[in-house]
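The exercises below concern charged and aromatic side chains. Work through each task with the structure open, then read the solution.

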Amino acid sequence: MFDDLIFALKNFRRNKVRSILSLLGIIIGVASVIVITSLSQSATKSIKDSYNSASLDIVRVSAGFMSRRRNAAITFDETFRQDLFNSVKDIKQIQYTNNMSATLAKDDLTVNATATAVEYGYFDMYGYKIEKGTDFNVSDNVTGQQKIIIGSKIADALFENQEPIGNVITLVSNNVTFSFEVCGVLAPAVASNDANDNSVFVPRGFYAKKIMPSPAASAVLVQCVSQEKSVQVADNIKSFITELTGNQYAANVSSMQAMLEQYEEVSGTVSLMLSGIAAISLLVGGIGIMNIMIVTVTERKKEIGIRKALGASPNVIRLQFLMESVIITVLGGILGIIFGIGISAIVAAVMEQSFAIQVSACFVAFCFSVGIGIIFGFSPASQAAKLNPVEALTTE
C-alpha cells in the first residue's frame, strides 16, 4: 500500500494541472461547509459576548397589556416582589429598577443619557465592574443619597482629562435640576455595543424620595440560582402572573438564556440547510474525479497490462487506482479545511465578530470528502482491475 501511495504522488506530479483541477471541486465544497458553519458559530459567539455572561441567569419582567375583559393591570410593588419570591422556586434575588431621561452637565459640557434607578446589588448581579470609585451601599439606597455612577463614555465626555470621582455634576430630569456626586465609573465594556458605557445609575431610594414617591418598578430583574434554571423560572413567572391577574398578557417575561437557545436552534437549522446545499459541490467534485480517473485508466492501459503480466492481481490494480482517488479527496479535504478556516477568520475580522470554528463540521466535511473519493473512484478502479492484460498491452 505504501508503494501505491508513492506511485500515486508521483503520478500527481506528472499531471499537475489535472491534479489541481481535480482538487478544486473538493476544496471548494469542503471550504464552503466550513465557512457556513463557522460564520453561524461566530455570530452566536458574538451575541453571547455582547452580553455579560452573568446576565444569562437573569429573567426580565416588564408591564404588558391589559385584558379587554378585565382591567387586569399589574403593579410591581413590594407586595408583588414578596409574592413572586415565595411562589416561584429557584429565585436568588429580585431587583427593581426605574428609568428616566436625563441631561447631565459639567461646566460647559452636556450629554443626554438614560438614568437608571437601581437597588443595592444591581452591579454585582450583572457582573459589571467599577473601574474607579465605589458601588452604592445599602445606606445610599435607603436614604436616597444623590450619588451617581456613570459609564466610561459619559466620563470621557464630561470630564475629559479630569478625575471624575468626587466631582459634582448636574442632572436635569422633567425640568427639575439635581446635583450628584460621582462615586463610581464603570469599566469599559468588552462588547462594543454595550449600552452601559453611555448610561448613568442612581440609587433607587433617590428616585423614590425625589422623583416619584413609592414608585412601582418599571422593570423587575429576577436572578435565578443558575443559568440552567432561567428558562424554567421564566415559564413559572409567566404562569404566576397569569394566575395572579387572569391575563396572560399582563407582563412581558424574557430570558436572555432562552433567547440564545432559540437563536442557536434557528441558526443551527439554517446552517445545516446551507451546508447541505454547499455539500452538493462535493458531489460535483466527485463526478469530476470519476471522469478524470476514467481518463487516467484509459491513458495507462499499457502500464496496467505490464503490471498484470508481471503477476499483479485485480485487487492490487483496483487498490492502486482507488488509492489515487482517495489521496485526491484527502488532500482536497485538508486544503478545504485550511482555506475554510482562513476565509472564516477574515470574514469574522472584517465584520468585527468573534471568531469560532465548529470542529464537528470540519470532521464531517473531511470524512464526506474521503467518502466521495472512495465512492466515485471505485468504478474507474474496478474498470482498471478488469482489463485483459493482452488487450491492454496491445493498446496504442
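**Exercise 1.** Find the distance between the closest N and O atoms of E78 and R81, and say where the two residues lie.

Solution. E78 and R81 form a salt bridge whose closest N and O atoms are 2.8 Å apart; the term requires a side-chain nitrogen of Lys or Arg within 4 Å of a carboxyl oxygen of Asp or Glu. The model is predicted, so local features need pLDDT of at least 70 and side-chain atom pairs count only at pLDDT 80 or more, while totals for chains, interfaces and linings use all residues. Residues are numbered from 1 along each chain as its sequence is written, and side-chain values use heavy atoms, with hydrogens and water left out.

Next, place the residues. Both belong to helix α3 (residues 78-87), and because they are three residues apart there, about one helical turn separates them. Helices (H or I, at least four residues) and strands (E, at least two) are DSSP runs, numbered from the N terminus.

Last, check accessibility. E78 is partly exposed, with a relative accessible area of 47%, whereas R81 is buried at 14%. Buried means under 20% relative accessible area, exposed over 50%, and partly exposed in between (1.4 Å probe, protein chains only).

**Exercise 2.** Determine which residues are linked with E119 in a network of salt bridges.

Solution. Start with R81: E119 forms a salt bridge with R81, the closest N and O atoms being 2.8 Å apart. This pair links distant parts of the chain, 38 residues apart, with E119 in the loop between β3 (109-118) and α4 (122-126) and R81 in helix α3. E119 and R81 are both buried.

Then take R204. E119 forms a salt bridge with R204 at 3.6 Å between the closest N and O atoms. R204 lies in helix α7 (residues 204-211), 85 residues from E119, and both partners are buried.

Put together, E78, R81, E119 and R204 make up the network. The structure has four salt bridges in total.

**Exercise 3.** Describe the geometry of the aromatic pair F123 and F201.

Solution. A search of the whole structure gives 10 aromatic pairs. F123 and F201 form an edge-to-face pair, 5.1 Å centre to centre with 80 degrees between the planes. Rings of Phe, Tyr and Trp (its six-membered ring) pair if their centres lie within 6.5 Å; planes under 30 degrees apart count as stacked, over 60 as edge-to-face and the rest as tilted. Both F123 and F201 are buried.
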